[in-house]
Amino acid sequence: MPTHTMRAVRLHEHGGPEVLRYDEVPIPEPGPGAVLVRVHAVGINPPDWYLRGGLTSMPGTESTVSLPVIPGTDVSGVVEAVAAGVDGLAVGDEVFGLLRFPSFDGSAYAEYVAAPASDLARKPAGIDHVHAAGAPMAGLTAWQFLVEVGHDHPSPFQAARHRPTALDAGTTVLINGAAGGVGHFALQLAKWKGARVIAVASGAHEPFLRELGADQFIDYTKSRPEELVHDVDLVLDTVGGPDSSRFLRTLKRGGVQFPVLPGDFDDEETAKLGVTVSSAQVRSNGAQLAELGRLLDAGTVRVAIDSTFALADARAAHERAARGHIQGKIVLTAAEERAVS
């Protein structure tokens, strides 16, 4: 193990992908309750480019960052050192996790990262580091919306009433943005629970989403879901924005819409339709990630990888994300890791 420095991607200013710089920096020291992870792969997520673009704190949190900063929260790697107060992890263990979210203090775009042990789970043996790094934020977001909320403390972005809806064979779920990171996990978790799933995405993604188990597919470039679908129990909208409220008209009375990203909703309209809008902020949770890891290990849920880039090519990875039409996850590799499928 190197004794002093490592390579990491840092932001010295806010802006486009061109502001991502590949620097040499000190290797972090893990404090009590943390471990040092030698990074093999890093998943990139929307908060990474929000931070790059100038957002310095997540909604509902008081944690802020100052420049320069190492972005990134999703990591898969090997435990290199263990600090005091850590039980259950040892040097050499393969782990993955969502680090310190919803803060911007993950610092995962690096060769080494100090990670709270509570944010980590053992990497599923049946998948490589690339696929493991694609799972934490997207998988936990889907899990905390659909299976089990990840925390008990509401924030301004989280409706206090938010509770996952019970999913079973009598439930119909519509997922908007089903081919993306959160969407493709949500589809698989809903199917695991027995629900009927309607997937909304562009037409190029239909074969992929059918393979994951979608019962019905709607190409949003050709049709408007609210004109085709009615009496849905739950809408999970991973896209958000001003058009998110149109999905309210697909719900049955008593149905619920979960916007992953903020949307524009009118309280009078939701009351008239007899539906509920409820959101939540994903949070790090090693115990839940371990449960998701068991599904990944069994092949019940899989991680789709859109593309991989070397850590030094983080700029190109962000440019790929900006082009959109992502199928699954974009992952950076800090070691000789490449996804096989």
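This is a predicted model: local features need pLDDT of at least 70, side-chain atom pairs count only at pLDDT 80 or more; totals for chains, interfaces and linings use all residues.
**View 1**
The structure holds one cavity of 30 Å³ or more. The volume of this largest cavity is about 50 Å³. Its lining includes Pro47, Asp48 and Leu51. Ile70, Pro71, Gly72 and Thr73 also line the cavity. Phe101, Phe104, Asp105 and Gly106 complete the list. By residue class, the lining divides into six nonpolar, three polar and two charged residues.

**View 2. Helix H3 against helix H8.**
Helix H3 spans residues 136-146, and helix H8 spans residues 286-298. Their axes come within 10 Å and cross at roughly 100°. H3 is therefore roughly perpendicular to H8, since angles of 65 to 115 degrees count as such. On the H3 side, the contact is made by Pro136, Gly139, Leu140, Trp143 and Gln144. On the H8 side, Gln288, Leu289, Glu291, Leu292 and Leu295 meet them. The residues of this contact divide into six nonpolar, three polar and one charged.

**View 3. Gln288 in helix H8.**
Gln288 is found in helix H8 and is one of the residues that meet H3. Is Gln288 buried or exposed? Its relative accessibility is 3%. Gln288 therefore counts as buried, because the cut-off is under 20%. The C-alpha atoms of Gln288 and Val147 are separated by 9.8 Å. Along the chain, Gln288 and Val147 are 141 residues apart.

Definitions and conventions:
Residues are numbered from 1 along each chain as its sequence is written. Side-chain values use heavy atoms; hydrogens and water are left out. On a 1 Å grid over the protein atoms alone, a cavity is a set of points where a 1.4 Å probe fits but cannot get out, and a pocket is an open set with protein on both sides within 12 Å along at least five of seven lines; lining residues have an atom within 4 Å of a point. Grid points are joined across faces, edges and corners, and a volume is the space filled by probe spheres set on the points. Ala, Val, Leu, Ile, Met, Phe, Trp, Tyr, Cys and Pro count as nonpolar, Asp, Glu, Lys and Arg as charged, and the others, Gly among them, as polar. Axes are lines fitted to C-alpha atoms, for helices over the stretch in contact, and angles run from 0 to 180 degrees between N-to-C directions. Helices (H or I, at least four residues) and strands (E, at least two) are DSSP runs, numbered from the N terminus. Angles under 35 degrees count as roughly parallel, over 145 as roughly antiparallel, 65 to 115 as roughly perpendicular and the rest as oblique. Contact means heavy atoms within 4.5 Å. Buried means under 20% relative accessible area, exposed over 50%, partly exposed in between (1.4 Å probe, protein chains only).
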